[in-house]
Amino acid sequence: MEHRDPALLTAREQARRIRAGELAAAELLGACLARVERHNGELNAVVTLNPEAEAEAAAVDASLRAGEDPGPLAGLVVGIKDVTETAGLRTTYGSPLFADHVPEEDALVVRRLREAGAVILGKTNTPEFAAGGNTWNEVFGVTRNPWNPALSAGGSTGGGAVALATGMISLAQGTDLGGSLRIPASFCGIAGLRPTPGLVPTVPAAYLWDDLQSTGLMARDPADVAFALREISGPDPASPVCAPEPLWPDAGATDLAGSRWAWCGDLARIGIDDGVEAACREALASLRSAGARVDEVDLDLSGAWDAFLVLRGHWFVSHFEAELHRVDAFGPNVSANLRSGLSVTPAEIGAAENVRRRVREELLVLLERYAALLTPCMAIPPFPAEQNYPETVGGRPMKTYVDWIAPTFLLSMPGLPVACVPAGLDAAGLPVGLQVVAPPRGEGRALAVASAIQEVRPIGLPPRVARP
C-alpha cells in the first residue's frame, strides 16, 4: 500500500525518492517530527531529540544539490537506542545513575549510519541497561504499545519499535542479548533481526570479547533491514569479535513454491497462548497454500535454559565490573543479574558454554534439511504496560523477569541469525511475531524468508497510525 505521508513509506522508497530529488531529506525529517508530535506524548518512544537533526538533513540536501553522494542511506531518519553512545547527545542507558551522561564519541554503529548519510532523530527508550522484555525505566517511564497503549511494547528496544510502527523514524538501531530486537518487533508488528554477533561490532564496550549480544536493526519490513544492514556491517580494528559477510540473495529470491521449512511451536516448553498459536498456524496455512512445505519438528531447547542464565550473569558481571561496588544502586533487573553473575562458578560457565555448543550443533543438523526454522517469537500476547513481566505463561509461574522470553533467549545461544516478522493478528487485533532462524551467514536468507511471510500475511499499520 502506498502512503501519502512520506514518513510511512518503506526506508528503501524514502531513500530512492531523496536520491532522485523527489523528496527532500528535510521534508522527510519534518514528516517524522510531525509523527513524534502526534504520537510520542502518549506512547513515549523517543526520549531525547537530536537538536542537530535539522542541520543534518539540510546537509544531505545540500550535498545532493551539489552533485555529491551523501551515502546509500541519505536522509533516512534513524532512532538510536538509549544504550548506544551518541557524541554530544545525552545517553542515559535508562539509568538514574547516568541521567545526565553525554558521550564524547559516537558508537561505531552510529558513526557508520552517519557515514552512510542517515539523519539521527534522537534516542529511543529502553529499560535500564537494556535489562528487560518490557520497556520502562526510572528516568523516562513506560513505553506503550501503538496497537493498544494500555499494553507493553516489549523490550528492550521498545522505543525503537514503537517509533517505527508510528512513522517517527525510518529505521531503529538496537541491541539483542536475549531477544531485544525480536520481542518488541513481535509486540509492535514490525520486522527485526538479531544478526550474528560481531557482524556489526559493538564498540565501545567494557566487555570487548562479547559474543552473546548483537547490534542490529528493526524496520517496517524485512527488506528495509537488509537494505540498511549492508551499510553498517563489517569488521573494525577496535573489536576482536567479527562475523563473516552474509550471503545476500537477490531481491525476491525466496520462491515459496518448493521451499522447505521446519516449524516448532514451543521449543522452550513453556506453553503457548491459544491466540498466538492460532495466528501462527494461520500463517503456516497461508505459506502452504502458496506452495511451501512446512514440516512440524520436535525441537526441545528447554535444557539450555539454566545455561543461558549462567552466561547472562557472566555477561553482566563482565560489562559492569567497574560498577560492582554499587550493585544495589541499580534497578531490580540489573542488580538481580549482577548478583546472579557474582554467584556463578567457573565450572558453571564452562558447562554452560558446552550446552551452548550442543544447541548450535543441533540446530545446524536441522538446518541442513530445511532452509529455515520457524517458531513463535513470544508465547503470549502483549501484557499490561505497568507490569515488569508476566507472572505466568501457559499457567506456569515465571520465577524471574527473563523466564517468559525463553523462546527468544534460547535462540540467542547458538549465534545464528534470527529474524522476527509479523505472522498476523490475534483475535484481539494484536500483532503476533514469527522467528526465522537461518544457517551461518544466513542473515540474507532469514530476511528473505521473513519477506515471504510478510507478503502472504500483511498486517498493515496500527489503526491509530493508519488514520489520516
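Which charged end sits over the ring of tryptophan 248?

## A charge over a ring

The charged end of arginine 230 does, at 4.4 Å from the ring centre. A charge sits over a ring if NZ of Lys or CZ of Arg is within 6 Å of the ring centre and within 35 degrees of the ring normal.

## Basis

This is a predicted model: local features need pLDDT of at least 70, and side-chain atom pairs count only at pLDDT 80 or more. Residues are numbered from 1 along each chain, and side-chain values use heavy atoms, without hydrogens and water.

## Aromatic pairs

Rings of Phe, Tyr and Trp (its six-membered ring) pair if their centres lie within 6.5 Å; planes under 30 degrees apart are stacked, over 60 edge-to-face, the rest tilted. The count is 13 aromatic pairs. One of them is stacked: phenylalanine 316 with phenylalanine 320, 5.7 Å between centres and 10 degrees between planes.

Phenylalanine 320 also pairs edge-to-face with phenylalanine 330, at 5.4 Å and 80 degrees. Both residues of that pair lie in the loop between α9 (305-319) and α10 (332-342), ten residues apart. Helices here are DSSP runs (H or I, at least four residues), numbered from the N terminus.

## Cluster and burial

Tyr93, Phe98, Phe129, Trp315, Phe316, Phe320 and Phe330 make up one aromatic cluster.

Phenylalanine 316 is buried, at 1% relative accessibility. Phenylalanine 320 is buried at 5%, and phenylalanine 330 is buried with a relative accessible area of 5%. Buried means under 20% relative accessible area, exposed over 50%, partly exposed in between (1.4 Å probe, protein chains only).

How values were computed. Helices (H or I, at least four residues) and strands (E, at least two) are DSSP runs, numbered from the N terminus.
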